[in-house]
Amino acid sequence: MEYVSAFANWLWGLPLLLLIVGGGIILNIRTGFFQIRYLPFILKETFGKMFSKADEGEGTVSAFQAMTTALASSIGAANIVVAPTIIFIAGPGAVFWMWIAAIIGQGTKFAEVVLAMKYREKNEDGEFVGGASYTLKNGLKGNFGKIMGALVSFFFMLEILPSISVQTLSAAGPIVNVGEIIGIQPHVAKIAAVLLVFVLTSLVVYGGVSAIGKTTEMMVPFMALIYIILGLVIIFMNIDKVPAAFSSIFVGAFSPQAVAGGFAGATIKNVIQNGVARGVYSNEAGMGSAGYGHAAATTDHPTRQGLWGCFEVLVDTLIVCTISALIVLVTGTWTPGMSEEALASVSPVAVERAINSAFGTTGSVIISICLFLFVLSTIIVIVFYCEKQAEYLFGNKVGKIFRALATGMIILAIWLSFNNAGVFLDITLGLVVIPNMIGLILMSGEVKDLKNEFFSNPDFYPAAKK
């Protein structure tokens with residue numbers, strides 16, 4: 001197991017980061033970093049139309065529902081638990097490089113979405129389906145495209161099945177914490193939490209993509225808003241410490257020792273690698289998952305839906321993860337010169353401890369509810385993703401069988417601990433990223449053409465020259 005773990009760490013070190021970030025830079029150069037140039041328009045078309053129902057074109061769900069479906073997969077416990085750990089691993093400067101990875105990731109996620117829209121198909125139920133596997137099969141053509149598409153689906157399915165059980169354990173954790181506060185035995189709370197996740201997930205996923213879209217449309221904004229408001233309240237309570245927090249981020253990005261004190265491992269290489277890795281892990285740009293959610297959207301042009309992909313990264317990493325990092329810094333949960341023992345003990349519960357410092361037990365209950373909702377939304381969507389992988393590989397009927405298998409993986413969490421699951425998940429996800437990013441790079445010209453077609457047409461982009 002030691003060698004497998006070492007391979008996973010190596011794979012998610014420079015090899016995959018170079019592929020994801022390097023490929024992302026290529027995609028951004030070809031599209032002219034449009035997410036910066038057209039930021040006001042992107043915000044108008046996404047944030048400004050979040051609850052608009054007047055989508056034009058063909059599709060199974062609204063553009064907003066498709067975005068919240070995809071966002072539900074990426075926005076989860078990682079934003080609360082994992083994102084702040086980069087501060088404890090590499091110092092505050094890693095947050096800056098997480099931001100850089102997010103800006104680059106907007107271009108990658110945009111490419112995934114527009115290509116998923118261009119190459120989507122209709123299944124036997126009349127629903128639009130698409131994603132990395134369909135993009136590779138239809139966009140690369142021939143046997144090469146078919147092989148690449150099959151590899152993405154196969155490894156993604158292998159990654160999702162155990163991930164459902166792991167995510168269920170993550171969802172049960174907050175319920176167990178609340179149970180301890182009110183006097184419920186941990187094993188009883190765990191079983192109750194797993195069964196609750198199973199029932200809620202089953203009720204949604206068996207309603208099809210429309211039911212998933214309607215559920216995430218309500219759940220994702222609600223849970224994100226609760227957490228954002230909670231975080232902003234804590235930040236404003238410590239407003240005098242905000243300038244110092246930002247200073248530590250910017251200074252630490254290029255001179256980590258200047259803010260780390262006796263902090264071990266505070267080198268620029270360590271800071272950059274950890275910041276970029278956490279950014280990629282959080283928003284999933286380059287992992288190929290986004291297209292499966294967005295492909296069902298009703299839209300008049302692939303690029304318009306791609307704008308929601310940019311918005312998705314903005315919310316996930318640049319807003320939610322940043323709030324997580326800031327509350328850890330302004331509350332003093334992380335301080336320069338912390339001992340290795342303190343770093344190891346505080347890191348996994350950094351946000352909870354920061355919120356407790358402001359709200360006490362009430363804060364623990366609120367953050368537990370947030371964590372449960374974040375993870376529940378992720379489980380609902382990855383069960384759907386698993387079904388779509390099986391549908392792609394084996395057909396519609398087998399896809400429905402795998403939907404049942406995937407929901408059954410929730411129940412398995414009662415007995416399984418998955419102590420070493422993270423290593424297996426990292427490797428299989430890495431094997432998804434490789435063909436997906438290769439395909440995106442090879443089709444970057446098509447992404448450029450779709451983007452130019454949209455922004456040069458005054459019917460789509462009013463500021464375009466007539």
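Predicted model: local features only at pLDDT ≥ 70, side-chain atom pairs only at ≥ 80, totals over all residues.
**Aromatic rings**

A pair of aromatic rings is described by the distance of the centres and the angle of the planes. In the pair of Phe34 and Phe110 the ring centres lie 4.3 Å apart and the planes stand at 55 degrees, so this pair is tilted. Phe34 belongs to helix α3 (residues 34–37) and Phe110 to helix α8 (residues 93–118), so that distant parts of the chain, 76 residues apart, are linked by the pair. Phe34 and Phe110 are both buried. Another tilted pair is formed by Phe384 and Tyr385, with 6.0 Å from centre to centre and 45 degrees between the planes; Phe384 and Tyr385 are buried as well. One aromatic cluster is made up of Phe34, Tyr38, Phe41, Phe110, Phe454, Phe455, Phe460 and Tyr461.

**Helices that pack together**

| Helix pair | Angle | Axes apart | Crossing |
|---|---|---|---|
| α12 (residues 208–237) and α19 (residues 350–359) | about 60 degrees | 11 Å | left-handed |
| α2 (residues 14–30) and α15 (residues 268–283) | about 65 degrees | 11 Å | left-handed |

Where α12 passes α19 in a left-handed crossing, the contact is made on the side of α12 by Tyr227, Leu230, Val233, Ile234 and Met237, and on the side of α19 by Val351, Ala354, Ile355, Ala358 and Phe359. Sorted by class, the residues of this contact of α12 with α19 are ten nonpolar, no polar and no charged.

In the crossing of α2 and α15, which is left-handed, Leu14, Leu17, Ile20 and Val21 of α2 meet Gln273, Val276, Ala277 and Val280 of α15. The contact of α2 with α15 has seven nonpolar residues, one polar residue and no charged residues.

**Helix α11 and its surroundings**

Helix α11 (residues 186–205) has 20 residues, which at 1.5 Å a residue should span 28 Å, and this agrees with its end C-alpha atoms, which are 28 Å apart. The buried residues of α11 are Ala189, Ala193, Val194, Val197, Thr201, Ser202, Val204 and Val205, and they pack against α10 (142–182), α12, α20 (361–394) and α21 (396–412).

Thr168 has its place in helix α10. With a relative accessible area of 0%, which is under the cut-off of 20%, Thr168 counts as buried. When neighbours within four places in sequence are left aside, Thr168 is in contact with Val194, Val197, Ile379, Ile410 and Ala413; Val194 and Val197 are among the buried residues of α11.

Not counting residues up to four places away in sequence, Tyr119 touches Tyr134, Thr135, Asn138, Gly139, Met443 and Glu446. The C-alpha atom of Tyr119 is separated by 8.3 Å from that of Gly131, a residue twelve places away along the chain.

Key:
Residues numbered from 1 in each chain as written. Heavy atoms only, no water. Axes fitted to C-alpha atoms, helices over the stretch in contact; angles between N-to-C directions. Helix = DSSP H or I, 4+ residues; strand = E, 2+ residues; numbered from the N terminus. Left-handed = near helix turned anticlockwise from the far one by under 90°. Contact = heavy atoms within 4.5 Å. Nonpolar A, V, L, I, M, F, W, Y, C, P; charged D, E, K, R; others polar. Expected span 1.5 Å × (residues − 1). Buried < 20%, exposed > 50% of the residue type's maximum accessible area, 1.4 Å probe, protein only. Phe/Tyr/Trp six-rings, centres within 6.5 Å; stacked < 30°, edge-to-face > 60°.
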